Amino acid sequence: MRARPSPDFPVSFSAQFDPAAARLMLAGDCGMDDAPVLAAALDAVRSAVPETLRVEIGGTLDLGPSWLLRALVLDLRGAGRQVELDGRVPEHLRFLDEIAARDVGSLPAPGQATFADRFAEFGGSLRRRVAGWYEALVFGGRLLESAGTAWRSLRRLRVPSVVRHMHETGVQAIPVVAVIALLISVISAYIGAQQLRPFGAEIYTVDLVTIGVLRELGVLLTAIMVAGRTGSAYAAELGVMKLNDEVDALEAMGMNPYEVLVLPRVVALVLVMPLLTVVADFMGLAGGALLTSYLIDLPWSQFVMRLDSSIGDTTFWAGMVKAPVFGLLIALTGTLRGLQVRESSRELGRLTTVAVVQSIFLVIFADALFAIYFLEIDF
Amino acid sequence: MAAVRPLIVVRDIVNRFGAQVVHDGVSFEVMPGEVFGIVGGSGSGKSVLLRTMLGLRRPDAGTVAIEGREITAMDDRELRDVKRRYGVTFQHGALFTSLTVAENVTLPVAEVLDLDEPSLARLLELRLRMVGLPLEAAAKHPAQLSGGMVKRVALARALALDPAILFLDEPTAGLDPIAASAFDELVLYLRDTLRLTIVMVTHDLDTLARTCDRVAVLVDRKVIVDTLEGIVANDHPWIRHYFHGGRGRAVRAAQGDGRGA
């Protein structure tokens with residue numbers, strides 16, 4: 001197709017339009033790489049609209065450039081101008097005429113969005129939103145249904161699968177959760193000690209750290225880490241399975257994807273979240289003890305005594321009961337968004353992001369509800 | 001033909017994955033303007049060979065030269081220039097699912113060339129017409145296309161920079177016989193009118209019989225290259241099985257009238 005003599009000796013292409021003589025001179029061989037040069041010259045001709053035009057072709061033209069030249073020639077001839085091709089007229093022209101004669105419709109015009117288009121787009125997004133809610137309902141229903149059957153027979157719960165997910169989302173998350181909990185307790189102890197010192201109330205740093213970590217920070221930060229780690233993984237895993245038709249394959253084999261894919265993940269995360277929270281709580285308290293001993297010279301034995309008196313019977317449980325709820329929210333959001341992936345890789349990316357953002361939002365929202373509720377019942 | 005320099009020269013290629021040797025001294029040449037078929041059993045390394053020829057994989061030994069330039073010895077920048085000289089279609093189309101057909105086909109041009117919108121639109125129309133796609137398809141996303149159309153869009157994208165060589169990986173896999181034979185005709189038409197050189201990996205015996213001038217068969221980590229008649233007459237057990245099994249009979253039947261072009 002490239003009729004260049006040899007790539008070892010590229011002849012540089014040049015295109016010049018001489019308006020006075022109404023001549024377009026094309027020198028050298030023109031491949032697609034030279035198309036911008038040609039297009040610029042053709043544009044000059046187009047804006048000048050000469051009465052007559054002589055095109056002198058010195059070298060060969062590849063298919064793409066020939067097509068651009070042909071378009072110009074046809075446009076000018078259509079406007080009643082005289083166009084003459086001279087020199088090495090590309091032999092592709094016959095092929096181009098042939099394919100141009102085929103009736104294949106026309107390119108859809110991009111055009112300006114009219115008011116009707118915008119309205120239709122608005123309606124479309126509304127419809128998709130409602131469809132999304134409906135999908136969430138169907139998702140919830142089918143999950144409950146498969147949970148109901150799994151309740152009756154242990155085999156349906158797929159224990160190996162649950163254990164695998166517990167390992168991936170729980171055991172492997174321990175290091176990062178531990179480090180985050182340690183750091184956050186260091187931060188809160190540091191700020192607490194600094195703010196309380198002017199009042200001579202540094203000892204309350206212990207209360208601040210222990211109550212803060214046990215009631216709120218431990219479980220909340222664990223949930224946020226897990227949302228970023230596991231929520232996204234769930235959405236991406238299921239999304240890729242959707243794109244590969246693996247979900248359809250399961251269904252075609254008579255297996256229930258909710259039972260095989262969704263339920264084990266949800267169960268695993270609900271079981272694992274409290275365990276991770278225990279790790280976070282422990283590391284948080286350790287970090288608090290470490291920092292108070294360093295900042296306010298509080299011996300460890302004193303820290304433990306102070307801790308014992310500051311926390312109530314329910315402080316630990318106020319944090320702990322939230323853990324499975326957060327786990328449930330994260331797992332449901334991740335798997336639901338994963339199963340909503342359709343058609344394209346962009347959808348996969350979008351829904352993975354949505355899964356993380358929404359699960360973090362839901363976790364914090366639920367935490368706020370818990371806070372109000374615990375205050376009301378004095379927990 | 002003797003005076004014509006081969007377009008692609010593959011010399012003594014060795015490819016290994018750990019202890020497993022996939023290719024052990026594979027050599028062949030592809031002549032300008034021919035349709036060159038590559039066949040082989042599953043796991044015989046057809047895709048690895050194709051990736052080696054494309055410069056996507058460096059062989060453990062041996063050389064590949066395209067238009068006299070050794071791509072196996074090139075750095076990435078030189079290789080990029082060579083890559084513009086060929087077009088590739090992948091087995092499953094490998095269209096970018098988040099882009100429309102128009103964006104998919106225009107991408108290689110818009111990426112390397114500084115062209116104005118009207119010219120890009122004209123070139124898009126050319127490529128779609130070349131592969132026989134209805135122009136309305138331009139606004140669609142790959143997920144909305146049939147299998148045959150996906151293959152055609154992939155071909156249009158491969159043709160976007162007027163390549164001298166086309167590499168087609170299983171171009172007719174997954175197409176119904178009508179769509180597959182239409183695709184064969186399209187390949188032959190482009191070859192005849194544009195004098196393209198085409199290298200295709202295929203399992204489709206009909207496509208092989210209809211389009212390929214010469215065939216390379218990968219067996220026992222080596223390659224046997226011959227015309228289709230020669231290959232069919234070869235008495236290597238795997239080749240006999242391949243061409244003389246139930247599916248192969250149709251090819252031999254088609255040989256009488258199939259290869260007029």
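Predicted model: local features only at pLDDT ≥ 70, side-chain atom pairs only at ≥ 80, totals over all residues.
Residues are numbered from 1 along each chain as its sequence is written, chains are lettered from A and ligands numbered from 1 in the order in which they are written, and side-chain values use heavy atoms, leaving out hydrogens and water.

**The two sheets**

Strands of a sheet pair through backbone hydrogen bonds, either parallel or antiparallel. Here, two strands pair if DSSP finds at least two bridges between them. Strands (E, at least two residues) and helices (H or I, at least four) are DSSP runs, numbered from the N terminus.

| Chain | Strand order | Pairing |
|---|---|---|
| A | β1-β2-β3-β4 | mixed |
| B | β6-β7-β8-β3-β9-β10 | mixed |

Start with the open sheet of four strands in chain A. Its edges are β1 (14-18) and β4 (82-87), and each has a single partner strand, so one side of each is left without a neighbour in the sheet. Inside chain A, β2 (residues 23-27) and β3 (residues 52-57) run parallel, joined by four bridges. One bridge pairs L24(A) with V55(A) in β3(A).

Now for chain B, whose open sheet has six strands. There β6 (86-89) and β10 (222-227) stand at the edges. Strand β9 (residues 214-219) of chain B pairs with β10(B) in the antiparallel sense over six bridges, and V217(B) sits opposite I224(B) in β10(B).

**Where two helices cross**

Helix α3 (residues 92-101) of chain A and helix α4 (residues 117-130) of chain B have axes that come within 9 Å and cross at roughly 85°. Axes are lines fitted to C-alpha atoms, for helices over the stretch in contact, and angles run from 0 to 180 degrees between N-to-C directions. Contact means heavy atoms within 4.5 Å. On the α3(A) side you'll find F95(A), L96(A), I99(A) and A100(A), which meet L126(B), R129(B) and M130(B) in α4(B).

**The largest pocket**

A pocket is found on a 1 Å grid over the protein atoms alone, as an open set of points where a 1.4 Å probe fits, with protein on both sides within 12 Å along at least five of seven lines; lining residues have an atom within 4 Å of a point. The largest pocket has 33 lining residues, and R128(A), Q340(A), E347(A), R350(A) and L351(A) lie nearest its centre. Helix α4(A) gives the largest share of this lining, twelve residues.
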